[in-house]
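Subject: Handover of a structure

Dear colleague,

I am passing this structure on to you, and below it you will find an account of what was found in it. Please look through the sequence and the structure first, and then read the notes beside them.

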Amino acid sequence: MKERYSSGKLVLELFMVVLGLIVLVPLYLVFINAFKRYDEILTSAASFPQAFQFDNFATVWQEMRFPSVFGNSLVITVFSVLGILLFSSAAAYQLVRRPGKVSNVIFLAILSAMIIPFQTMMIPLLMVAKDFHMINNLPGIIIMYWGFGIPLALFLYHGFIKGVPVELEEAATIDGSNTFGVYFRILLPLLKPITVTIAILHTLWIWNDFLLPYVVLNSKAVQTIPLASYIYFGEYMNQWHLALAAMALAVVPIIVFFLFMQRYIIQGITAGAVKG
Amino acid sequence: MTPTIKKRLVYATFVTPAVLLFALIIMLPFARAIVFSFQDWDGISSDIKWIGWENYTAIFQDTAYLKSFGFTLKYVAVSTLLVNLIGFSLAIVLNMKLKTKNALRTVFFMPHVIGTLIIGFIWQFIISQAFPQIAEWTGLHIFEVNWLSYPGYAFWALIMVSVWYNAGYFMVIYIAALQGISNELLEAAEIDGVNRWQKMWHIVLPLVRNAFTICLFLAITSGFKVFDLNLALTKGGPFGSTESLALHIYQDAFANNNYTLASTKAILFFIVLGSITLIQVFVMKRKEVEA
């Protein structure tokens with residue numbers, strides 16, 4: 001039985017399109033106002049700009065040191081995600097293939113940590129981080145993201161590897177591969193779907209994360225996009241033409257990433273949620 | 001080297017990095033926070049006193065803390081209900097054969113990829129600058145006042161933004177669940193003369209129960225941990241009326257340097273959040289089995 005496209009459906013469709021446009025309005029307003037003069041924003045926030053002010057962006061680009069903060073965000077996100085993928089897939093591999101008391105205890109302990117709110121560990125973490133010289137530098141915060149990212153990633157890998165037939169690995173072992181060879185040559189390629197899911201979940205989280213950079217990155221040279229936006233917005237409070245240009249700059253990279261990777265992102269988010 | 005030792009060494013090589021990172025970044029600070037909750041320390045001096053349960057009795061008399069607890073519970077309840085209700089409704093509609101369904105799914109989901117801090121700032125602009133214009137055009141009084149300056153309105157401003165940000169995310173999870181229902185089952189029901197509401201109530205809802213368990217869990221935990229949005233949109237104001245637990249603990253720790261008391265508040269936060277989500281998942285999982 002094929003669903004007909006009735007007039008009721010047309011009304012519903014129109015209603016949804018209007019709703020969709022309403023959802024887009026806030027972003028639209030940010031982008032058009034980012035091109036206006038300050039007084040024009042105050043008198044007519046909803047209208048199209050009379051003349052496009054690219055100066056706003058030039059000012060913000062420089063004052064926010066956008067290339068530098070963008071680079072920091074990129075470095076932190078990429079290396080954090082790579083580490084999370086490597087350490088948790090390696091651990092999950094042995095935890096699944098060598099079951100026993102030790103593996104069980106390790107898995108459950110790491111799993112149970114997922115529910116602990118960041119605020120609970122925040123203060124002592126800062127003290128530990130100071131002792132290990134992990135404050136105010138990129139390697140430090142990357143190591144912290146490894147720690148915070150491992151529980152969810154390990155859990156997702158663990159569930160996936162349980163479903164991978166062990167025969168392939170056994171065959172490779174008989175052919176003379178050692179455990180490392182099996183892991184790198186046989187298992188990692190098989191893990192690709194779940195690796196994409198985990199990479200996307202963690203990329204979105206780390207790229208957008210604010211609180212951890214806020215407490216461990218103070219100096220200008222290491223700021224990330226959310227942190228620099230926060231500081232910039234605080235300094236230029238109500239200087240809307242600059243604040244909005246800063247927001248538009250902060251939003252563009254992730255929206256572009258989303259539009260290009262849309263299919264993977266939506267699949268990844270769904271898979272991550274359903275298995276978590 | 002005997003084979004057993006070699007095997008153990010290999011096992012250790014694979015597992016140790018993850019365990020070490022977990023211990024250093026999560027377990028050690030968490031254990032330290034528990035210890036802190038039984039101590040009194042200003043964060044600087046070398047003198048750390050043990051004070052037993054005093055911190056715990058003190059936080060129950062801390063009105064700002066209790067107020068932020070109350071706000072957070074109310075925020076979690078209302079936002080969990082609304083984002084799931086709206087997300088599920090969107091999923092139902094966009095699971096039909098509409099011509100624009102793919103584009104609409106993208107649009108509704110898009111806000112979710114932006115960081116919540118930036119979203120708070122975006123909406124601060126929308127509410128303070130664009131709402132007055134809407135009021136001018138439509139004559140609706142509700143858009144005349146600045147929502148961020150009145151406690152009652154500020155709460156709903158946060159809820160509104162949370163719905164804008166989250167509804168599309170929950171929609172995506174519900175759509176995946178709805179697509180898991182076999183068409184034959186629905187067609188068989190139609191042939192048997194089951195009407196639309198019966199179909200929804202007796203077939204669709206029981207089959208997506210698993211998604212409800214997950215979505216409620218996600219909404220509750222993310223609602224409890226809300227921080228960026230409060231900081232960027234309302235700063236906890238006006239008059240501390242929208243200060244979330246996470247924001248309150250942050251302020252207590254770093255604005256007031258109250259390390260031990262803030263740790264105690266965070267431990268209680270963890271216990272409450274842990275128990276609520278455990279109960280929620282346990283109760284809903286049991287129902288799933290029955291269904």
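**A helical span in chain A**

The stretch of residues 69–93 of chain A is 100% helix and 0% strand, and its end C-alpha atoms lie 36 Å apart. Please keep in mind throughout that this is a predicted model.

That stretch belongs to a list taken from UniProt, where an unreviewed entry gives the feature "transmembrane region" for chain A at residues 12–35, 69–93, 105–129, 141–161, 182–207 and 240–260. Another span from that list, residues 240–260 of chain A, is likewise 100% helix and 0% strand, with 30 Å between its end C-alpha atoms.

**Chain A as a whole**

Chain A has 13 helices and 0 strands, so that its pattern along the sequence reads α-α-α-α-α-α-α-α-α-α-α-α-α. Its C-alpha trace spans about 75 × 65 × 35 Å along the principal axes, and its radius of gyration is 24 Å, whereas a compact globule of 276 residues would have one near 19 Å. Of those 276 residues, 42% count as buried, and among the contacts in chain A with a separation of 6 or more, 74% are accounted for by residues 24 or more positions apart.

The domain assignment divides chain A into domain 1 (7–54) and domain 2 (64–235), and the centres of these two domains, taken over C-alpha atoms, are separated by 38 Å. The UniProt annotation "domain: ABC transmembrane type-1", again from an unreviewed entry, covers residues 70–261 of chain A. Over those residues the chain is 81% helix and 0% strand, and the end C-alpha atoms are 19 Å apart.

**Chain B as a whole**

Buried residues make up 40% of the 291 residues in chain B, and 72% of its contacts between residues at least 6 apart in sequence join residues at least 24 apart.

For chain B, UniProt places the feature "domain: ABC transmembrane type-1" (unreviewed entry) at residues 69–280, a stretch that is 76% helix and 0% strand and whose end C-alpha atoms are 19 Å apart.

**Where the chains meet**

The contact between the two chains takes 69 residues from chain B and 67 residues from chain A. Several helices of chain B give two or more residues to the side that touches chain A, among them helix 4 (101–109), helix 6 (151–179) and helix 12 (259–290). The largest share of that side, 18 residues, comes from helix 1 of chain B. By class, the side of chain B that touches chain A has 54 nonpolar, 8 polar and 7 charged residues.

If neighbours within four places in sequence are left aside, Met171(B) is in contact with Gly87(B), Leu90(B), Ala91(B), Leu94(B), Phe108(B) and Phe109(B).

Not counting residues up to four places away in sequence, Ile267(B) touches Thr120(A), Ala33(B), Ile34(B) and Ser37(B). Ile267(B) and Ile126(B) are 141 residues apart in sequence and 36 Å apart in space, C-alpha to C-alpha.

Trp201(B), in turn, is found in helix 8 (residues 196–207) of chain B, and this residue counts as exposed because it has 12 other C-beta atoms within 10 Å, the limit being 12 or fewer. Trp201(B) and Ala253(B) are 52 residues apart in sequence and 48 Å apart in space, C-alpha to C-alpha.

With best regards

Definitions and conventions: Residues are numbered from 1 along each chain as its sequence is written. Chains are lettered from A and ligands numbered from 1 in the order in which they are written. This is a predicted model: local features need pLDDT of at least 70, side-chain atom pairs count only at pLDDT 80 or more; totals for chains, interfaces and linings use all residues. Two residues are in contact if their C-beta atoms, placed from the backbone, lie within 7 Å. Helices (H or I, at least four residues) and strands (E, at least two) are DSSP runs, numbered from the N terminus. Ala, Val, Leu, Ile, Met, Phe, Trp, Tyr, Cys and Pro count as nonpolar, Asp, Glu, Lys and Arg as charged, and the others, Gly among them, as polar. UniProt positions are given in the numbering used here, feature names are shortened, and annotations may be inferred rather than shown by experiment. The radius of gyration is taken over C-alpha atoms; the globule rule is 2.2 Å times the number of residues to the power 0.38. A residue is buried if 20 or more other C-beta atoms lie within 10 Å of its own, exposed if 12 or fewer, and partly exposed in between; C-beta atoms are placed from the backbone. Domain bounds come from an automatic or database domain assignment.
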